[in-house]
Amino acid sequence: MANKANFSLAKRVDWFTVILYLLMVAAGWVAICGASYDFNLYALFQMGSRPVMQLIWIGLALIIGFAVLLIDTDFLEDISPFLYVIMLLILAVTIFVAPNIKGSHSWLVIGPLRLQPAEFAKVTTALMLSRQLGKYGFKIKGWRNYAMVFGIICAPMLLILLQSETGSALVFSAFFLVLYREGMTGSILSLAFAAIVYFVFSLIFENIIWWGTTRADLFIIGTLIFVFSVVGIITYCHRLPRNFYRYFGFATFGILLLSAIIYRLFPFDFSYVIIGLDVLLFLLMLFFTLTRYRLSFFLIGLFIAGSALYFYSVNYIFDHILEPHQQTRIKVALNIEEDFRGNGYNVDQSKIAIGSGGLLGKGFLDGTQTKLNYVPEQATDFIFCTIGEEQGFLGSMLLLLGYTLLILRLCYLAERQEHTFGRVYGYSVASILLFHLFINVGMVLGLVPVIGIPLPFFSYGGSSLWGFTLLIFIFLGIDARRTIFN
């Protein structure tokens with residue numbers, strides 16, 4: 001065990017993570033050079049160019065990173081509420097004072113400097129969540145504790161959504177992975193998964209008719225509700241009557257068989273049969289709630305009713321709450337419609353750039369898609385396609401391997417923390433990095449909607465780089481002091 005008397009930061013900091021960070025930042029700068037090059041090598045390194053500005057951001061990031069290493073863990077934990085509240089106030093003010101930049105009010109403009117508070121809100125939220133979960137005796141149980149931790153996560157999300165910055169707001173959902181690690185029931189993640197599946201399938205199969213009479217969306221969602229509910233009953237409901245599953249299975253099979261026979265003679269919307277099974281299951285759960293006084297039966301019934309209401313609200317949410325450009329991005333990602341001029345064009349061109357790189361790539365500054373500016377926002381949101389074009393498949397895989405090593409290393413460091421505060425914060429950093437990586441790369445490859453979040457250490461910009469630098473170096477400072485006691 002170490003103590004503060006003989007503490008040496010240089011000896012105890014995890015230099016493996018520091019080296020990974022420096023390599024990623026350096027590779028990111030090279031990628032920005034490639035994304036900014038347009039046949040004029042001299043202009044590439046003029047003052048004010050993106051590579052030069054990024055070098056300035058990197059230099060300041062290193063100063064910030066090594067400065068926060070000096071901050072004591074106890075001090076960080078103590079001031080976490082103050083930092084969190086201050087950041088919420090800044091996010092709220094940003095809604096009203098930030099100029100309209102590409103449809104959002106999320107950037108504070110201070111002279112020549114532009115800062116996005118949402119990037120730094122990740123840091124304060126991670127610290128506040130870590131402090132709350134690290135309190136003595138605190139467990140993620142009971143509605144009060146759930147409301148408390150959900151409130152810590154959702155408060156900045158709501159303020160960022162009001163800035164019309166949906167992508168940055170969604171990043172905060174990564175914190176729910178941390179809650180799962182700290183004991184949150186898996187049913188919460190299951191509900192989130194079900195909501196996503198309902199939303200996607202409702203949009204994909206809307207206005208599609210099967211077998212001449214059956215609504216495809218209603219049939220599929222009804223079936224999913226039934227299957228998810230049965231899985232929930234098997235998992236959580238343990239005081240059922242003897243032979244319940246046998247009788248219920250025979251009854252379900254009999255209803256489906258009889259309905260199929262009638263359908264052959266008199267075609268009708270078969271989705272109503274599935275909805276009838278959902279109603280039957282709901283009534284059974286209501287009956288068992290009243291007769292056996294078990295909360296699990298009530299929750300399954302609530303899930304069935306809530307799923308039905310959610311399904312019928314999807315179209316309203318999509319048509320009246322989401323912005324037109326967000327609707328288009330989702331439709332293009334789900335192949336519901338094509339948009340070769342807008343977001344579909346961006347994704348299509350990025351895939352062409354990546355595909356043209358082949359195995360080894362075209363070489364540094366030799367990417368034709370880059371030089372001719374076919375891909376908009378190539379130095380920011382679509383920076384990954386520059387790597388794919390210039391460095392090829394091997395370069396892209398090396399990049400993904402670097403991220404994998406960094407995230408796994410952060411998880412390893414988080415697991416060796418002796419206090420909940422450090423462990424939660426470490427997993428928060430790893431989860432945010434994982435979310436950014438998955439969404440950004442998926443966005444460039446056309447696997448997820450274009451929501452405009454940066455690729456850590458690679459996308460051009462100071463706010464993103466500084467935010468991730470703070471996240472990582474604060475954790476390195478916490479890890480370096482993990483076995484130091486007063």
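Reply: Helix α12 and its setting

Helices (H or I, at least four residues) and strands (E, at least two) are DSSP runs, numbered from the N terminus. The model is predicted: local features need pLDDT of at least 70 and side-chain atom pairs count only at pLDDT 80 or more, while totals for chains, interfaces and linings use all residues. Residues are numbered from 1 along each chain as its sequence is written, and side-chain values use heavy atoms, with hydrogens and water left out.

The buried residues of α12 include F244, F248, T252, S259 and Y263. Viewed down the axis of α12, the buried residues fall within an arc of 55°, so they line one face of the helix; the arc is that of the directions from the helix axis to the C-beta atoms. An α-helix has 3.6 residues a turn, so residues three or four places apart point the same way.

The length of α12 agrees with expectation, because its 22 residues should span 32 Å at 1.5 Å a residue and its end C-alpha atoms are 32 Å apart. The expected span is 1.5 Å times one less than the number of residues.

I262 belongs to α12, which covers residues 244-265. With 37% relative accessibility, I262 counts as partly exposed. I262 also contributes to a nonpolar surface patch, together with F253, L257, L258, I261, L265 and F266, and these residues have about 750 Å² of accessible area together. Such patches are made of residues with over 30% relative accessible area and no salt bridge, joining like charges within 9 Å and nonpolar side chains (Val, Leu, Ile, Met, Phe, Trp, Tyr) within 5 Å. Accessible areas come from the Shrake-Rupley method with a 1.4 Å probe, and for residues only the protein chains shown count as cover.

The wider chain can now be described. There are 20 helices and 6 strands, and 48% of the 486 residues are buried. The domain assignment gives domain 1 (1-175 + 327-481) and domain 2 (206-322); such bounds come from an automatic or database domain assignment. The C-alpha centres of domain 1 and domain 2 lie 41 Å apart.

The structure holds 9 salt bridges, each a side-chain nitrogen of Lys or Arg within 4 Å of a carboxyl oxygen of Asp or Glu. One of them joins R181 and E415 at 2.9 Å, N to O. R181 is in helix α9 (residues 175-181) and E415 in helix α18 (residues 383-415), so this pair ties together parts 234 residues apart in sequence. R181 and E415 also belong to a salt-bridge network with E182 and R423.

Another salt bridge pairs K362 with E389, with 3.2 Å between the closest N and O atoms. K362 is in the loop between α16 (343-356) and α17 (368-371), and E389 is in helix α18, 27 residues apart. K362 is partly exposed at 29% relative accessibility, whereas E389 is buried at 0%.

R416 pairs with D479, the closest N and O atoms being 2.8 Å apart. R416 is partly exposed at 25% relative accessibility, and D479 is buried at 0%.

Note on methods. Buried < 20%, exposed > 50% of the residue type's maximum accessible area, 1.4 Å probe, protein only.
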